[in-house]
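Biologist: I have a model open and would like to learn how to read its side-chain contacts. Could you walk me through them?

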Amino acid sequence: MRTRQRFRAAVVALPLLLAVAGCQSGAGKAGGSEGEATSTATSPSRPSVFDVPVPKQPAAAGDALADSGTAAFTTTVTYTTAGGRAVERTTGVLDWKQDAARAERVVQVPTGFPAAVADELDLTPGRYHYAVEGNEVAYRRQGGTWLRYAASDPKEFADSTAAVLGLAGDAAPWGRTLAEVLKVSFAVEDREVPGGGHRYRTQVDGLTAESVLPPAVVGYASGWGPTQTVVVDLDRQGRLVRAEADYGKLLVELHGKGALRGLTGLRVELALTGHGRPVTALVPATERFEAARTVLTLVDEVEPGDCASTDTGLGHVGVVRVVPCGSGADLRVFGQRPVDEVIRDAGREVRARRLAAERCGRDFRAAPAAWTAGARPAGAYRVSGDERFEFVSTGAGTTVQGHFTCYVTLR
């Protein structure tokens with residue numbers, strides 16, 4: 001039996017509501033939220049959101065998302081640990097007609113937040129800019145050039161850049177938000193809120209609920225089954241204005257599997273405002289673009305001794321840009337190692353990580369001093385394998401097959 005296991009990078013140091021009874025609330029009212037455009041024409045072939053049974057109203061709002069034409073959005077992911085809360089907040093604009101979005105993502109990691117957890121979650125403090133047009137996603141590098149990722153890129157490259165390509169949404173131009181789960185949600189509770197809108201407690205299947213999580217979390221959560229509760233707010237015109245989900249139940253599942261034990265809380269929120277207001281979502285044609293596939297390299301193809309930049313917008317080191325060693329470099333590779341070995345004891349994932357760490361450790365000690373002298377922290381190296389490990393079960397045990405990269409971070 002062959003299965004694929006995501007191999008996380010490792011750091012190694014040497015020495016509220018009323019129950020719905022199937023009834024319907026009143027029909028949607030004219031008008032909208034204060035200060036917002038009111039042009040939200042309903043498709044002639046689709047009834048208004050509040051004309052369908054209550055359990056289906058959030059899903060109907062999902063079907064009607066594009067009727068607003070445009071909107072501003074904020075999506076927030078909050079990671080809670082014993083040492084503090086890290087926040088990943090993305091703000092931007094949506095234009096359904098152009099199938100385009102512009103967004104700024106800000107990651108804040110406070111002092112005291114466990115470094116090991118930040119590493120597991122690929123949380124790097126900073127400010128990042130993105131643009132979406134159709135199935136293409138662009139990331140603005142620190143130097144100002146945009147890297148363009150496309151779903152039509154060669155398969156291996158597209159698979160390795162899925163963290164960015166997933167930002168092109170289905171329900172809205174910008175993806176990986178709670179708007180993506182609305183169409184498959186089922187309301188189990190509903191109450192009217194001030195202003196004539198409604199708040200629903202909805203249920204969403206676990207697999208769909210997983211789709212809005214950051215890629216680093218999905219790497220641990222894949223296959224989670226229980227349903228997820230999502231609270232959804234619609235305004236008096238039936239437009240989505242807010243959604244939130246607490247993934248505490250997921251964390252309990254993951255902790256039971258030994259994953260993300262340092263993470264005690266995980267919450268996702270979405271807010272939409274300014275429905276129908278004019279926005280500029282497209283990147284001006286005067287900006288400089290590069291096809292990412294022509295300038296980036298899979299990290300396992302970087303030659304030992306070479307340096308690379310991780311300023312790719314991906315949030316991981318699986319794909320990098322080879323650069324001269326110096327101020328523009330984020331990492332330096334000192335080894336590329338294959339694995340093809342039988343494991344007979346339990347805990348195959350732990351053993352696979354141990355194999356990688358041991359072999360990179362030997363390479364670290366044998367590497368030229370210039371390749372490892374700039375390591376941050378000093379005396380530490382990292383191992384990257386991402387999704388390149390496979391486990392083949394046989395009568396004699398489990399064979400671990402794959403490839404990993406040994407490198408040091410330079411800043």
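Biologist: How many aromatic pairs does the structure hold?

Modeller: Rings of Phe, Tyr and Trp (its six-membered ring) pair if their centres lie within 6.5 Å; planes under 30 degrees apart count as stacked, over 60 as edge-to-face and the rest as tilted. The structure holds eight such pairs. In one of them, the ring centres of Tyr 130 and Tyr 139 are 5.3 Å apart with planes at 45°, so this pair is tilted. One caution on the source: this is a predicted model, where local features need pLDDT of at least 70 and side-chain atom pairs count only at pLDDT 80 or more, while totals for chains, interfaces and linings use all residues. Residues are numbered from 1 along each chain as its sequence is written, and side-chain values use heavy atoms, with hydrogens and water left out.

Biologist: Are Tyr 130 and Tyr 139 buried or exposed?

Modeller: Buried means under 20% relative accessible area, exposed over 50%, and partly exposed in between (1.4 Å probe, protein chains only). Tyr 130 and Tyr 139 are both buried. Ring pairs also link them with Phe 73 and Trp 174 into a cluster.

Biologist: Which parts of the chain do Phe 334 and Tyr 381 tie together?

Modeller: Strands (E, at least two residues) and helices (H or I, at least four) are DSSP runs, numbered from the N terminus. Phe 334 lies in strand E18 (residues 331-343) and Tyr 381 in strand E19 (residues 380-384), so their pair joins parts 47 residues apart in sequence. Their ring centres are 6.0 Å apart and the planes stand at 90°, so the pair is edge-to-face. Phe 334 is buried at 5% relative accessible area, and Tyr 381 is buried at 2%.

Biologist: And charged side chains: how many salt bridges does the structure hold?

Modeller: Side chains of opposite charge can pair when their charged atoms come close. A salt bridge is a side-chain nitrogen of Lys or Arg within 4 Å of a carboxyl oxygen of Asp or Glu. The structure holds 17. Among them, Glu 290 meets Arg 321 with the closest N and O atoms 3.1 Å apart. Glu 290 is in strand E14 (residues 289-291) and Arg 321 in strand E17 (residues 319-323), so the contact ties together parts 31 residues apart in sequence. Both residues, Glu 290 and Arg 321, are buried.

Biologist: Which residues are linked in a network of salt bridges?

Modeller: Look at Arg 242, Glu 244, Asp 246, Arg 267 and Glu 269.
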